[in-house]
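Me: Got a model here I'd like to walk through with you. Can we take it one question at a time?

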Amino acid sequence: MHISTPGTGTGRTAPRPPADRRSAGSRTAWTCAAAACATALGAVLAYAVHGPYTRPGTPGTYAVYGVAWALFTLAAFAVIRRVPVRRALWLVWIGAVAFQIVAVSAPPQTSDDAYRYAWDGRVQAAGISPYRYAPQDPAVAHLRDDWLFPPGACRGWFEHPLPDGGCTLINRPNVHTIYPPVAQAWYLGIHAATPPGHREPVQIAAALTGLAVTGLLLRILRRIGRDPRYVVLWAWCPMVPLELGNNAHVDGLGVFLMLLGLAAVAARRATAGGVLLGAAIAVKMFPAAALVGASKRKPWHTWGAAVLTVAGAYVPYLLASGSAVVGYLPGYLREERYDDGARFGLLDLALPEAVAPFAAVAVLAATAVLVARRSDPDRPWSAALTMTGVLLLVMAPNYPWYALLLVALVVLDGRVEWLAVGLAGYALYFTWLLYLTEGQIRAVHQGAYGLATAAVVGAAWLRHRRARTGTFAPRTSADAGSLVP
């Protein structure tokens, strides 16, 4: 395979994975070991969505998820380092599909966001802006389906009481939706394309985004000459089936659009990259961090296209709902205590809470300047990984699925230590219903993200030390070529 080198008219052969010189018996043994680990991982994932330890607030849930991540680590090592490429890719695809099927086979276990997605699609199908009314508003009572508003008193895990004595599966039924317009279009599309009254379409759609990201990552890896087996870091990461196929988070769509945008930027298609990154931002705001390094070559084209895309996506909803399109975002920031500084766990270790928000802005601004100056426009995913990772470490959210962006970027960049940020989110999220004191919750918060930061900093130091002593060969910048399908 030949890839055109940016800035030259010549071609060069993209680097290939090293030839496997092990015996046929050794290769078969490692393939069987990887398959065994994947099978065990599938069993643990099934237990995580069907067994007794499936919900936050249960100490056993930590053990189940810990075993899943340990098996994922062993399986990924075997696939990347020991299994021949052709066998590995077959194995990865089989596992990726199987894990998503397992995840979809049960209702959402650790998040009820899927029910809000279904409601937003239902409201839009009736010609009403999702930003106009809260689910409990009497003006939309005629849209209530029994599966989202179970009759009788609240009894189930995700059921929330309504002022009129009813019950709903939709979280925060007293507030407007928080999700941006491209996410809303996604919800409407799912509602229009599938039979109403079921949870499965939302979960299946999210599972399909996970598989689509697997295919896109594999294509990009091949185009830049990176070992395609690294796709296992996404396809088999427990977070992917659990947070997409089971909990149905819309983040998978944002990851897919972000990767398309970064691929377009690397292929010197700045405007197309900006449009795609803007669409990703209009799914969830976090992909905005990817713009910092992606706009180095043609910043006006990339930033301009992204801003116009986001603004254009909001126009129909702005005309229908006015300022209500802001949704629950201000309330969310207050609820998560970003306004008073209590959420910035690591910064709170050294600074007063009142100062933490300003310190967070300063840290992120300084990181953005450094990333923008040192980024390689032919490898924008590396800058995106650093900027997104620092953003999550500073904000320290208690929602682990935000780190799905990092998992995909790690596949392309290779700095696996950033996966620790996703684990940190689980450590905090699972304290829900453990009835810990505020001090205990803060200790878990700071300890989890502190360990994640130590893992990232320690790995960076070790990599730098090895590079200086000549015992480690740093990655070279691979050519972008034409990365967009």
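Predicted model: local features only at pLDDT ≥ 70, side-chain atom pairs only at ≥ 80, totals over all residues.

Residues are numbered from 1 along each chain as its sequence is written, and side-chain values use heavy atoms, with hydrogens and water left out.

Me: At which residue does helix 12 bend?
Reply: Helices here are DSSP runs (H or I, at least four residues), numbered from the N terminus. Helix 12 covers residues 299-321, and proline 316 follows the bend within four residues. The bend, the angle between axes fitted to the seven residues ending there and the seven starting there, is about 40° and sits at valine 315.

Me: Which helices do the buried residues of helix 12 pack against?
Reply: Buried means under 20% relative accessible area with a 1.4 Å probe, protein chains only. Among the buried ones are Thr302, Ala306 and Tyr317. They pack against helix 4, helix 5, helix 10 and helix 11.

Me: Is threonine 54 buried or exposed?
Reply: Threonine 54 sits in the loop between helix 1 and helix 2. It touches residues including Tyr47, Thr61 and Gln109, a contact being heavy atoms within 4.5 Å. Because its relative accessibility is 4%, threonine 54 counts as buried.

Me: How far apart are the C-alpha atoms of threonine 54 and alanine 290?
Reply: Along the chain, the two are 236 residues apart. Their C-alpha atoms are separated by 33 Å.

How values were computed:
Helix = DSSP H or I, 4+ residues; strand = E, 2+ residues; numbered from the N terminus. Expected span 1.5 Å × (residues − 1). Buried < 20%, exposed > 50% of the residue type's maximum accessible area, 1.4 Å probe, protein only. Lists of a residue's contacts leave out its neighbours within four places in sequence.
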